Amino acid sequence: PYQDYQPPSVNHFLFPKSTRHWRGRADPLGVVGASLESPEPEQQRMSQSPLSWFRGVYLPPALHPLNKTFLKGGEWEAMDSTQEKRRAFLQDFCKKHNTRKMLQTHLVHLVSRIYVEDRHKVLYCEVPKAGCSNWKRVLMVLSGLAASANNISHDDVHYGKHLRRLDSFDLKGIYVRLNAYTKFIFVRDPMERLVSAFRDKFEHPNSYYHPVFGKAIIKKYRHNADEEALKTGSGVKFKEFIQYLLDSHRPVGMDIHWEQVSKLCYPCLINYDFIGKFETLEEDANYFLQLVGAPADLKFPKFKDRHSSDERTSAEVVRQYLKELSKEERQLTYDFYYLDYLMFNYTSPLV
């Protein structure tokens, strides 16, 4: 199924064709200057620069220096140095591959994964499977919606609708916050994040992912599937999940839990002031909380949000799952997350 495979270029990821025809919310304020409704002829598209798809729409170009007013003592010097290196690395990458800060997609879509906490003036771009549940708990505490992060249930975090997203504001509200607030993101090794998402959604009972994704995946990719599997969608194998992920004609769409960070948070279009990593989650998070002047007694939660008895998805766990794939499937999966590896300086796996 993967004959004549050619490794993709960086521009393939920075300017995916799908962004040209995005059919999202209406644009009454004229944020987007070019029509997304009907694709141009292929020859015409090929002759255009990707940046010509949109005209005159720019995000704030400046990267704000971090406000270190609230930091006390010299204990954070190493963290500060690490943070500056991460920001510089991402900035250099984006300058190299994307010379102008121009929108490639609808503004409302661009900020749809960003949560707003107005008290401390922070914007958090949610990356699922990279500590997002506990970050939402922390945002609820910061905003005064809860006294402690430890007493907020998983369902309250994700379905309680306590936190506002940036796309719920009008255009002025979006721009003001993008300009003035501290924007942060937490990322994770792409393969670890992918395997963690698979284990969470398909190896445990789930009333949404099994019937919606599982049934479609089993129906298309499992030969001689039995009636029970087709009826429930339970028992999806990792190899079947990867076949779905790599299929350009997926039987069911993408999901934020395994979508690329480059498409969730647009790190080359939005200048994130703080880049945390799941691999150093606790220390990064507590450093950030000090930076934004959080209450001294507020620490990032240590507990695992769900399936607490399961072994955490480590590099060794990932290796076991990757053994189920062919070498070609491993390479294609890496290529799928190629830009995430490059942007955040993760080491590519041995495929």
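Modeller: Strand β4 and strand β5 (residues 274-277) run parallel and are joined by four bridges. Keep in mind that this is a predicted model, where local features need pLDDT of at least 70, side-chain atom pairs count only at pLDDT 80 or more, and totals for chains, interfaces and linings use all residues. Residues are numbered from 1 along each chain as its sequence is written, and side-chain values use heavy atoms, with hydrogens and water left out.

Colleague: How do you know that strand β2 pairs with β4?

Modeller: Strand β2 (residues 122-125) and β4 share four bridges in the parallel sense, and the cut-off is at least two. Leu 123, for one, has Lys 183 in β4 as its bridge partner.

Colleague: What makes β4 largely enclosed?

Modeller: Buried means under 20% relative accessible area (exposed is over 50%, partly exposed in between; 1.4 Å probe, protein chains only). Five of the six residues of β4 (residues 182-187) are buried, so the rest of the structure largely encloses this strand.

Colleague: Why is α8 called roughly perpendicular to α14?

Modeller: Helix α8 (residues 190-202) packs against helix α14 (residues 315-322) at about 70°, with the axes 9 Å apart. Roughly perpendicular covers 65 to 115 degrees, so α8 and α14 get that label.

Colleague: Which residues of α8 and α14 meet?

Modeller: Among them are Val 195 and Phe 198 in α8, and Val 318 and Tyr 321 in α14. The contact residues divide into eight nonpolar, no polar and two charged.

Terms used
Axes are lines fitted to C-alpha atoms, for helices over the stretch in contact, and angles run from 0 to 180 degrees between N-to-C directions. Helices (H or I, at least four residues) and strands (E, at least two) are DSSP runs, numbered from the N terminus. Angles under 35 degrees count as roughly parallel, over 145 as roughly antiparallel, 65 to 115 as roughly perpendicular and the rest as oblique. Contact means heavy atoms within 4.5 Å. Ala, Val, Leu, Ile, Met, Phe, Trp, Tyr, Cys and Pro count as nonpolar, Asp, Glu, Lys and Arg as charged, and the others, Gly among them, as polar.
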